[in-house]
Amino acid sequence: MSTTTAIDPENLPYADGDFYGFERLLTDKERDRLAEIREFLAREVKPIAVDCWNRGEFPMELIPKLAEIDLVSPVRRQGYSNLFAGLVHAEVTRADTSIATFMGVHDGLFTGSIEALASREQQDEWLPDIYSLKKIGAFGLTEPLGGSDVAGGTRTTAARDGDNWILNGAKRWIGNATFSDWVVIYARDVADNQVKAFLVDTTLPGYSASKIENKISLRTVQNADIVLNKVVVPDFFKLANGNSFRDTNKVLKVTRLAVAWQAVGQQLAAFDVARRYAVERIQFGRPLASFQLVQQQLVQILGNAVSSMGMMVRLAQLEDAGLARDEQSALAKAFTTDRMRESVALGRSLLGGNGIVTDYEMAKIFADAEAIYSYEGTHEINTLVTGRAITGISAIV
């Protein structure tokens, strides 16, 4: 093909970016469902994503549509594989990282806490409304003065008072918290110094949430500072099996995988935008994609995405077999987000000056990657968790 021949960006090869055909490992039912979700994302999410990000506002009208497409708890409730669940999370991220984060908070962190730590009676009471998105949830672990050290440094306290618990403290960076109905709060029991989990109704007296402003990443996500001032929580709302930080880690191990899948989706998004731009943009009388260095950049982005996806596919298989370990999740989160950072930087560079305005979407992708790089365990902490596993020596403290 001549380098001056026009290229139709709607009919590019490897349109799904799945260069090694990992999706063929899904069942026919799962592939059909993934196609249905992709169509939904293209119709309902992609067209509004940049505008919502620019305005820093969450599209509340999207929640009933997300409820209808039924994305919550695909493994435990719907019987799909962890590979399917991971690929779905990557696809939602590919469409919009903020909506993927909203779902990651509600479905992964919040719903995951209920599924892992609540009693059967509590689950029967709460999960129907959670699964249907009639009740939106948030996850309150990180604190203003506690991030990576929150395991041993949780400052929010819980004190037993008869049939109630009294919660005092503050949480920070809590996604969905400006409009959530419930939030799982992790607090240190003053009696035994153990971190315990509580389902808190956000209308309770003494509870307040204020939006964190001036973010450069995930602007659509409504992160909040939470203050708990003598919030009275009935004992039934203490999660029965959430009695130590070791229990909390049961949730974080799984959600760390979801964030690594987000890193895959973010790279696929960067590849989509960069490749389309490269074939459409004419420079020196021919498509940008006809230049060798541009092709090298595109191939590097694709290689990063495929290597990340390959790691995640294997880890999903281990998860399905019940063999996945914490350190494997930690390595996945560290590795995929490292590759993601390089991929989005290449994509931003490839677009030149157009890469720093959201009109071309890459600036949004580039900025959102920074949040993925940091949350669910920083790169450094996940590296040290993996290092501890392969040496038997902890270098964290």
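Helices here are DSSP runs of H or I with at least four residues, numbered from the N terminus. With that in mind, welcome to the tour of this predicted model.

**Stop one: α11.** Select residues 379-391, the 13 residues of helix α11. Next, colour His-379, Asn-382, Val-385 and Thr-386, which are buried. They cover an arc of only 130 degrees around the axis, so they lie on the same side of α11. To see what the buried residues of α11 pack against, show α7 (245-280), α9 (326-350) and α10 (362-374). Then step just past the end of α11 to Gly-392, where phi is positive, at about 75 degrees.

**Stop two: α7.** Now select α7, with its 36 residues. From first C-alpha to last it reaches 51 Å, close to the 52 Å expected at 1.5 Å a residue. Look along the helix for a kink of about 25 degrees, centred on Val-251. Is α7 mostly covered or mostly uncovered? Mostly covered: 28 of its 36 residues are buried.

**Stop three: the cores.** Select Leu-66, Ile-114, Tyr-186, Trp-261 and Leu-350; of the 94 residues in the largest nonpolar core, these touch the most other members. The helix giving the most to this core is α7, with 18 residues. Zoom in on Trp-261: beyond its neighbours within four places in sequence, its contacts include Leu-83, His-89, Met-309 and Ala-316. Finally, pick out Trp-165, Leu-167, Ala-187 and Leu-228, which are among the 17 residues of another core, lying apart from the largest one.

Notes. Residues numbered from 1 in each chain as written. Predicted model: local features only at pLDDT ≥ 70, side-chain atom pairs only at ≥ 80, totals over all residues. Heavy atoms only, no water. Helix = DSSP H or I, 4+ residues; strand = E, 2+ residues; numbered from the N terminus. Expected span 1.5 Å × (residues − 1). Buried < 20%, exposed > 50% of the residue type's maximum accessible area, 1.4 Å probe, protein only. Arc of directions from axis to C-beta. Contact = heavy atoms within 4.5 Å. Core = buried A, V, L, I, M, F, W, Y, C linked by side-chain atoms within 4.5 Å. Bend = angle between axes of the 7 residues up to and from the residue.
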